[in-house]
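Consider the model shown below.

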Amino acid sequence: MGKQTAEAGATPAAVQQRGFTRELEERLLRYVRIDTQSDDSSATSPSTARQYDLLNLLVEELRSMGAQDVRLTGYGVVLATIPPTVPADCPVIALLAHVDTAPAFNATGVKPIVHRNYDGADIVLPDEPGVVLSPSQFPYLAAKVGDDIVTASGTTLLGADDKAGVAIVMTAVRHLLENPGLAHGPLRVAFTPDEEIGRGVHSSLPADLGADVAYTLDGAGLGEIVFETFSADRADVHVKGVSIHPGQAKDKLVNALHLAAKILDTLPHVTLTPETTEGRQGFIHAYQLNGTAAAADLHFALRDFELQGLRERGELVTKICAAIEATEPRARITCSITPQYRNMRYWLEDDMRPVDLARESCRRIGIEPFTQPIRGGTDGSRLTEMGVPTPNLFTGMQNIHGPHEWVSLQDMAHATAMCVKLAELWAGERRGAAARRATPLEAAPVDWAG
Ligand SMILES: [Zn+2]
């Protein structure tokens, strides 16, 4: 069958998909070239001024496509409204994506490459020929033969995390604004900074967003819908020793570094660490140690899917600190536990409509949705806790935060179609309608493939 015949016989959905794919490519390639890396060590908000390069561009683009109430907040979030096309009192839904890229890898000078109609072979990235994307190493890639694959050039990350999400939201919004015949309620859009350093949700965001339900477009493989994340606390340990000149130290020096090392050594090594756990198991992650003989600081990430497990992680660190302190009465060891974010399932189980409608919109575009708990948090974890239920939806992004990052434009086009469908499905709901609770089956632990 010739190409023309295929085009002539294409379904409206296929034509729409091709239109989305072209627009997504144009947007993604433009957005990833803008360096928006966030910086954990910065105290400002947003953490880096370069994030404004994309935030300001999105303000302009939203205004020129006809979105309303477009503004950039003082804390660096772009907000906009897409007015409803139906008169009904339906819930306000929001679509979110983050503009920053991870500090974990070089993000300057990204050169995106489109590998059109992927043939299933190894993809060698030209600027660092040792960096090879091989379908045997990355099975998801093997499933994308025929798709248009976007990669970086080998020396940088791509930044599909989360510019794929930004491009998807922008394309869906442009499509809705240009097609007022499509039914949807009031829609809000937010582009946030600093998600990668855990500072994406400002305390004013829920009120400024003004949404009943939100979705982050920050997930991975086709069909993935996440409504379960880790619960997270941080443990900060301070060890105060006794400092003295080493030449006169006999029976006087209490070395904080040795005590810090003892704490690390006493904590579990062959269990309860990130490198020895998977699936639904929690962990204690020692991620930072600094100090001198006089004083040392240790920082731990505590993670578990259940609050009981999370409490136990904190108690273990606290007990070990007390035990080490007891071995050296002249030392002072303190341990403080700070809550970070909570598993969004606790809130979503009380009203599963945000998840159910996401699943339904996925099925309506011909994709079978799947759910798995993620061993991390999202901006949606915090937003959900603050009263705006916010599941995370797929974008297609793969191998994020490094040179092997890639995304399929066709996956992104499906995500765009899902957003449009989701807006339509929410138009059939009413504000204040009865919540739909999770059935016991859904509330039970989801199988984890890890
Ligand atoms: Zn992300």
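Two strands pair if DSSP finds at least two bridges between them. Helices (H or I, at least four residues) and strands (E, at least two) are DSSP runs, numbered from the N terminus. This is a predicted model, in which local features need pLDDT of at least 70, side-chain atom pairs count only at pLDDT 80 or more, and totals for chains, interfaces and linings use all residues. Residues are numbered from 1 along each chain as its sequence is written.

Strand 11 (residues 231-240) pairs with strand 13 (residues 295-304) in the antiparallel sense, over ten bridges. Within strand 13, His299 stands opposite Asp236. Both strands belong to an open sheet of four strands, in the order 12-13-11-14, with antiparallel pairing. Strand 12 (283-291) and strand 14 (332-341) stand at the edges with a single partner strand each, so one side of each has no neighbour in the sheet.

Helix 7 (residues 256-266) lies across strand 11, strand 12, strand 13 and strand 14, and runs at about 15 degrees to strand 13. Axes here are lines fitted to C-alpha atoms, for helices over the stretch in contact, and angles run from 0 to 180 degrees between N-to-C directions. Residues are in contact if their C-beta atoms, placed from the backbone, lie within 7 Å.

Elsewhere, the axes of helix 2 (residues 12-32) and helix 12 (residues 409-426) come within 8 Å and cross at roughly 115 degrees. Helix 2 is therefore roughly perpendicular to helix 12, a term for angles of 65 to 115 degrees. Residues of helix 2 that meet helix 12 include Phe20 and Leu24, and among their counterparts in helix 12 are Met412 and Ala413.

How values were computed
Two residues are in contact if their C-beta atoms, placed from the backbone, lie within 7 Å. Angles under 35 degrees count as roughly parallel, over 145 as roughly antiparallel, 65 to 115 as roughly perpendicular and the rest as oblique.
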